[in-house]
Structure formats: C-alpha cells, structure tokens
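I opened the notebook to look up a few helices, one at a time. Here is what I noted along the way.

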Amino acid sequence: MSLIEHPVTRRDLARSGAALSMAWTLARAFQPIASASAAPLAPQESERAILNRFPRMLQDFYTARVRQLERQRNRAFRAMQTREDAERYVASVRERIAESFGPLPEKTPLNPQVTGIVERDGYRIENVIFESRPGFLVTANLYVPTNRDGKMPGVVGSCGHSANGKAGGTYQAFAQGLARQGYVCLIFDPIGQGERMQSFDDQGKPRYGGGTREHLIAGNQQYLTGEFFGTWRAWDGIRALDYLLTREEIDPERVGITGNSGGGTMSTWLIGLERRWTMGAPSCFVTSFQRNLENELPADTEQCPPRALELGLEHEDFLAAMAPKPVIILAKERDYFDVRGSILAHRRLQRLYDLLGAKENIGLFYGPTEHGFSQENREAMYGWFNKVTGLSDSSAEPDLTMEEDETLQCAPGGQVGGELGSKSIFAFTREASQRLAEQRGELDAEATRAAVEAFMRLPEPRALPAYRIMRPISGRDYPTSHLGNYGVPTEPGVEAIVYRLYDRSHVSRPPADAKRAILYVSDKSADEELREEPLIRRLVNAEPDSAFYACDVRGIGESRPNTCGINSYFNPYGNDYFYAAHGIMLGRPVPTQRTLDVLKVLEWLKGIGHEEVHLVSRGWGAIPATFAAVLEDEGFVTRVTLKHALTSFADVAEDEDYDWPLSTFLPGVLAAFDLPDCYRALEAKGLRLIAPRGAKAEA
C-alpha cells in the first residue's frame, strides 16, 4: 500500500479539507500587528471554549529557567575583581556572540553607485546603492557636511521599524542633525522597509506591508536553513561601515553607530560583532531578555539570537564586547523596553568599565517620554559623540528640514526589487534549501534516527513527580460517555495533559485493561478534536479493544498560553511565536520540547502496562509525534498515522507564502535531514499519511 493513504494534488488537498486543518491561516495571521489585543477568537472558541486550565505553564517554565540563568550571571559579575577578570569577560562575550550569530559571510565587492545628489545649506545628501551580498542591494542616504575641512567623524545610522525606512522623520532627523554638526552619516534601509521590500503580490504591491510582518516571514523561514535574520541585518550594517570607510572624508579613528528601536537592536548587535567602532549609542532597545520575557513582550526574529540565553548572553554583553570604548545606553522612562533593565545593564557595565580603568566611557540617559528617538534622546547622542570626538561641547539639535520620501529615493520607482532586479531574501533561502538537499541526499532509517536524536538534545533522565489524577469532566460530547484526565510530568514545571476515554465512570488510575493503546497527539486542542475530528471516531470504532488516549503537549490546548495580550495565540506576533523564539534562544526549540512530552507519555503508557501503541496525530502535533516515533526504538510504537502532516521543511523554506508557525520549526534542520527521511524511516512502523500538507493550504 502507498505510504500516502490517498495521493492527491495540493488543489485536491484543499478541496478535501486539508486547508481547514490549520487555524493559523495567513488570512487571520496577517491582520495588522497593532490589532493583536483585539484579534478575533479562533473558530472553535467562538462556538465552545476549549479546555484551557493551565495557561501559565509555559510562562512559568521559561521564567524559571531564565531566572536561573540570571542568578548565574550575578555570580559571574560578583566574581570579577581585577582588570584581568574583566578582560577575560570581554573576550568571552565576543566568542559567545560570534557563536550565536554564526560565521559571517565572505566580503564581496560593494559595487557602490551614487544615483543622485541633493545640495542643502551646509551639507549634501548622496543617494547611494551598494551590494551587501552579490545581487542583494542596499539603499542608503549619505549626509556629508560641506562647510568643514579635513577628515570628519563618521556615523552609521540604523533605522527602526518605519515603513519608509531611512526616510522616516525620526531617522532623517538624527542623520541631518549629525551632518549639521560635522559628522558624515550613512543611514540605510533595513531589509523589508523603505526601498527594500522583499515580497510582492500579483499587483506588485508589498505582500506583507513591510517592517515587523516581513521580518517575521523572512526570519522564521531562514531558521530552517540554519540562517539567522539578525545576522543578515547586522551584515548590512557591517557592509555599510565598509562603504563609509571608503569615503575620503572619513576619519577611520572616529566612527560610531546609532539607531533606535529595531535600529537600537541592530546598533547593539553591531557593537557586539564589529571591532572597528570607536563609539556607540543604541536607543530604545537595551534592557534585558529577562525583562522582555517577564513582561510578556514579543520581539522580532532578528531580536532573538539563537542560543543567546543558553550561551549566557544578555543585552549588556553586546556592549561589553566593545569595552573599554565609549558607549551610551539611551532609554525612555515610558518605553515598553523596560528602563529597569537599562539601569541594571548600565550598573553592570560600570563595574566592568571601572575594572578596565574607563568608567567614564559608559553612559546612560533615559528621556521622560515614550518609545522613540525623540529630540531629548537625539541630543543625548549628539552630546556623547561630541564629547568622544572632541568636535563640540554642544548637545543641542540644530534646526532641521525634513525631505520628501521621493527626494531620498535611490532606486528607480523606489524599490530595488523592480527595475534593478535585486535578489530577494526569499530567493536566497530557497537556494540554500535546495543546496542543502543536494548535499545531504536521502538518509536511511539508521542515519535518520541519529540525525533526529542529535537535534533533539533531550535532557538527561531525572526523577519526576508522580502523575496526577484530575477531576473527571463530563458533557463534552466525546466519542464515549466518560473521561479520565491525567497530568503527566515530562520535566520540572511541565505536564502533558492526557485524556483517556471510558465507557463508564473512572476516577482513579488508568487500568492495564488493554494490550494495545492508541495515543492521539493533538493539533491545537485534544478537547476540541475529541469532539470534532472524524479520524478519532473512526479509530475508536475500528479498534474497540484498544485503550484510547489523547494528549496536549506543552503550549497546546490545556496549556495554550494566555500571555502577550488578549487572544494573541494565533497572531504571528503572539504568544505561540513568543515562546518559540525564546525556546530558540534557550537552545531548546519548541519541537524538541514537545517531542520530549510525547516520549514521556509513551513511557507512562508502558508503565501502565500497555504492550504496544498506535501513535496518531494531526497538523502541528504531527511534528513531535513524527520525531518521537523515529526515536522510539524498543518496538513499543507499532503503528503511526499522521493526518495533515507537513510534507517537508523544504517546502516551507522554498515558499514565501507559508502558514506553518515558528513553533513547528527546527533551526538548521535542513543541513541534517528533512521530514521525508523520517517518513521513510517510519514505513517499518506502518506509517499512514492522510492528506499531507505543503507550505500552505490553497483554496
């Protein structure tokens, strides 16, 4: 029999209902981010609320781990007593930052061109295009003072999430303000903003609107090929510095970096990655990963470096990598980036800089207003740079004149992806996926199991509390009249919530009354799917002598989070994404955590006395179920059925219009294996694939 129960085209899949298996469709997912707190309920919630009794499980679990890391950090700072200790610390954070961001690409020709010049009183603006990678165009404005002689200090400016990028008023303001005070400032468009939109619809309009949404789509997808969107963003900044240093006006001993919000993020990362800066001033970003987690504040893909928390890194460490060179933290009293974290970061850096004999080189300013590179923060930046360069004693902002967006455009039509044919980031990811497929080839069952095991990095076995027997639940319209409900510990602070179907009341431990068990790993909610999934009723009727269990792994159904705003779960910037991003920073991507949950439930079933298991799953749940089935090597799992399972990670990596969430992705997986390898390995366990899904569900 075919591995796929009924091979069909993607259009057939859509017609047969596969399109309906994922609640997180693009139609819902890409509602404006600002409306996250008012996001509509998922369809099932509008009809009957799912059981969701443990919505704080993930928040408490992650917070406990990050607080443990914070205690280790405090001990490390207390242990620093000498200059040599401080120097070792600086060397250590540089190494760890490099490990997190991965190897940087080879530098290739910039091929710069000036496409226009705008003359203004005391300065000029050059519209510049350069290549940060072959065929990957970067648009920038170079503000050059025209009333100064000799070499001048230079500053690279990094934009926040303005739709028009470098033309945003705040970003024009600081670039022009610097130029009027004698600095050459190069400010460039981020990927997915300004003139660098990456994805367009059939009418030639930006598919995702730019900024955060396009960053998430591009960045989440990149993880599959082992790339980090933050590294791509930072590389643009490094190449911007390369271009700035080619200019004869620049004094290479006086070059700085500044930016706000998303640009404050990139300024922080660039300070950690690039040794040529002589001064820095990141604004409205530096606080701490811990504060952002505790405050339930989601951040863009590029703001969540892989394994950063596992490696013991915090925001201030990226600034420590520059020590003892001068840097100032610019914050805001009313910012959502918690100023308490900014103050603590400054306090720790003061200790480090003091040991290095340069306490005066670390500064902190926080303005009284809300998030933004407002005038008070810009003036704090001017004052800091002027003190460092000796250019002036002033910090006052000169009078400014804002330009129209069109004046600052570099590319014909205002987009590098148009007439200039800049290669999109999605094209790079697609090519990387195809290249990795050629390199790894097809794996046999043994090699697949070894590859999956290496990626899971499962924690060492440890004693866990006994499972809990929870109070019975009735009136849910399940396939049988009664339900047993159990909390199965999978690691400290985490339980898989398991239901067992009974024909009569049963309020105690599950009996060993059947040789065979069916374990259904839910897609979004075991409670809802026990009521509405036809496959479950077919299985219950087809295997009446088997004990039937259904479970919610962490973050699903019973433990679906209620954090990061109201009903944010299906929002692309909501809590499902939030914990997926933090899992990557902790070195424990969500699929590895959920695979552990499935394996622990299988152990529990064996402990009850069942002798074999038919493992069944659907949609999101099919990812950890697949991995658990591959890893289970004692013959306990004898059959596997997967409905609406993802066809391959490559399908997602090679299609910019995908709808699988980050919580289903394994960073770097395509360098080692793909799901078809797993499916071939599971043929020996009678794998049945029902209506598998590609990158998206087509109407």
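I began with helix 20, where Ala622, Ile623, Pro624, Ala625, Thr626, Phe627, Ala628, Ala629, Val630 and Leu631 are buried. The model is a predicted one, which I kept in mind throughout. For helix 20, spanning residues 622-631, the count came to 10 buried of 10, so the rest of the structure largely encloses this helix.

Next I turned to helix 12.

Which residues of helix 12 are buried? I listed Val339, Gly341, Ser342, Ala345, His346, Arg348, Leu349, Leu352 and Tyr353. I then looked up what covers them: the cover includes helix 4 (57-79), helix 5 (83-101), helix 10 (289-294) and helix 11 (315-320). Strand 8 (327-334) and strand 9 (362-370) are also included in that cover. Just after helix 12, I noted that Gly357 has a positive phi of about 75°.

My last stop was a helix pair. I looked up two values, because a pair of packed helices is described by the angle and the distance between their axes. The axes of helix 7 (residues 212-223) and helix 8 (residues 229-246) cross at roughly 115° and come within 8 Å. That angle makes helix 7 roughly perpendicular to helix 8. On the helix 7 side, the contact is made by His215, Ala218, Gly219 and Gln222; helix 8 contributes Phe229, Trp232 and Arg233. I sorted the residues of this contact into three nonpolar, three polar and one charged.

How values were computed. Residues numbered from 1 in each chain as written. Predicted model: local features only at pLDDT ≥ 70, side-chain atom pairs only at ≥ 80, totals over all residues. Heavy atoms only, no water. Buried < 20%, exposed > 50% of the residue type's maximum accessible area, 1.4 Å probe, protein only. Helix = DSSP H or I, 4+ residues; strand = E, 2+ residues; numbered from the N terminus. Contact = heavy atoms within 4.5 Å. Axes fitted to C-alpha atoms, helices over the stretch in contact; angles between N-to-C directions. Parallel < 35°, antiparallel > 145°, perpendicular 65-115°, else oblique. Nonpolar A, V, L, I, M, F, W, Y, C, P; charged D, E, K, R; others polar.
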